[in-house]
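Welcome! Try each task yourself before you read on.

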Amino acid sequence: MGLKHFFTLICILNLHLLHTFADDSTNTSTLETYIIHVDVNLGFFARFKDLESWYTSFLPTSISNGQRRIVYSYRNVFNGFAARLSADEVKAMESNPGFISAQPERKLDIHTTHSPNFLGLNQNMGFWQGSNYGKGVIIGVLDSGIFPSHPSFSDEGMPPPPAKWKGKCEFNPTVCNNKIIGARYFNFLDDSPLDDGGHGTHTASTAAGSVVAGANVFGNANGTASGIAPLAHLAIYKVCSSICLESNILAAMDAAIEDGVDILSLSLGGPSRDFYLDSIALGAFSAMKKGILVSCSAGNSGPFNFSTSNEAPWILTVGASTIDRKIRATALLGNNVSVDGETIFQPSDFPSTLLPLVYAGSLNTSDPDIKYCTRASLNKINLRGMIVVCELGVVARVSKGVAVKNAGGAAMILVNPQLYANMTLSNAHVLPATHVGYADGLKIKTYINSTATPMATILFKGTIIGDERAPVVAAFSSRGPNSASLGILKPDIIGPGVNILAAWPISVENKTNTNATFNIISGTSMSCPHLSGVAALLKSAHPDWSPAAIKSAIMTTADVVNLAQNPIEDERFVPASLFATGSGHVNPSRANDPGLIYDLKSEDYFPYLCGLNYTNLQVSIIVQKIVDCSVEARIPEAQLNYPSFAITFGRSEPITQTYMRTVTNVGEPVSSYIVEIVPPPGISVLVEPTTLDFTEASPILQYQVTFTRLDSTTNNAGYIQGYLKWNSGTKYSVRTPIAVILR
């Protein structure tokens, strides 16, 4: 899985899969799949016997068999369908009464033994036990399918699915069980929901895999594997093979809503778009209206700002961070300097004697790719017996090792570019290797240039737990600000997404005598199912909580310090921005008892969407009902009752801005909360009232926050941050981050 790509799984709905055959009169090479939105409110639907007949009526009369062109008929995500059409045929449709829009579909990208313990979840005690391990909750996973015979999907000790479940199993019926209660596929080139890549198996087991003892890769990270919600049910929707098509994702979300899932997990996505053009945002809004929480990966396009995907405020957007486990491999240089790195493959017989060390970039200065150790660059170079230093980039990390090994290399040291700084990854390399950070890579290259006979070896030290810097934001984890809605802070939260061990359909060690095969991979694709599992635990413990309530509980109780009790850092080992961490790192046990929540109903988003200056039609596409923004109260983005603040001060914004928040007491019925404020530098933050007194008769209260840019603000442009907290004694601390954009 490339770190520049990500794939988020958490929305599930109902579809009608109709095989796509073009009629004889049209050149199939001119056809592409369009997502068509139609307006059911105009009454034309009543003339037709069913939805499919109405959808077919939109197709031009020149098409002899319209239903053969329709790929999916959507029922739950929105009113509309996907069809194979030419540009001229789409143009001809536009005059039909009820036609709203047609967009070519996009191709979206695919974006644990220890991580439950790192999150404070321990067997037979605390919140894990109190939430009954997610029992009774259905997590819908949109991904690349599943490998059902893996022991992580055993249903031993699992209850039958809830009575509300209406899904189906498109494996042989005996394959599904009380763990995998449904499995469907949505690509007409597939013939089952079987995972042929591994990504979907990994994410599903991370969210809700059963307990498996003795999980490890090459003997490393050994322990008992478990999903975050091990008693939750899984509903699998295969939407990705080599690519993830938008029409398939929408169809799966449509099916999932109809089937009765509680949580949708999507480790996939694409570049930022306005919400009325974003299929995942549209499907997620319809899911949210049905009480389904949608959890999505933020993307793997960090550490650049404005790089997040899945930015709608009704989606839980998840960034990635490290856990405190390292699988260490130390490069020992001939000058006796040692630098620590990581790898899964830890051979016991690698010699401790020093071997010749060479930097690939110096082997052929006329080849700009040779420093990346591409197969073509190393094809005719003899590296026999050498340790080769390769730069990260251009080709996959494991592929570099293949090229080095084929050239006779004895081992490899992977070094980061400056952009990725100190982040290191454990991979199942094909030869002895270690991956080191940028600064350590400079030390190695400086040493090579300092001597005529550079030498080195690699010392393999196995699994080490207790990195006090954890959690550290992953370099690849996408950053805000939010391109689609600047006034909503994204990502919302970070969770474990670096070097995560979970189920895998094949053995990376070439074992043939077991199905208990695991792999360690990284990405926001891995952090997303962690949060999907946490949401399932909260849904099990609080079945009456809305998606917004669950999301609020996760955000306002998040950790903002690492294990050493210092501020959470990014890949450079400097304090991370709110645009990297969102509200902070998930703390499941605290989220179970948050004290106060910021709740939202679907209609609360109407004035927010109007405030984005969307047209009535664009808002109606999202909310699936007629909305007149001239009647609705338009609100600025920061006025939405969100558990964080994202404020912009610039030439076009007033220097004083006031916003309201409404909080609901879900803690002790009679309680008092006192505000604590740490304002961003140069910003005055005034909260009124300063005390919230709740009673059984008054569980919902409001407060007002006034932000003023002071003359002392030194930054003309950039980002600053602070927070406000509502504290009730020593039991509750409800934290709301404040991110300020200066321009």
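**Exercise 1.** Which cysteine does a disulfide join to Cys 373?

*Solution.* Begin with the ground rules: this is a predicted model, where local features need pLDDT of at least 70, side-chain atom pairs count only at pLDDT 80 or more, and totals for chains, interfaces and linings use all residues. Residues are numbered from 1 along each chain as its sequence is written, and side-chain values use heavy atoms, leaving out hydrogens and water.

A disulfide is a pair of cysteine sulfur atoms within 2.5 Å. The partner is Cys 390, with an S to S distance of 2.0 Å. Finally, check burial (buried means under 20% relative accessible area, exposed over 50%, partly exposed in between, with a 1.4 Å probe and protein chains only). Cys 373 and Cys 390 are both buried.

**Exercise 2.** Are Cys 610 and Cys 629 buried or exposed?

*Solution.* First, find the bond: Cys 610 and Cys 629 form a disulfide, with sulfur atoms 2.0 Å apart. The angle about the S-S bond is -80°, a left-handed link. As for burial, both Cys 610 and Cys 629 are buried.

**Exercise 3.** Which cysteine sulfur is nearest to that of Cys 528, and how far away is it?

*Solution.* Start with Cys 296, which is buried at a relative accessible area of 0%. Its sulfur is the nearest cysteine sulfur to Cys 528, 6.1 Å away, and Cys 528 is in no disulfide. Cys 528 is buried too, with a relative accessible area of 0%.
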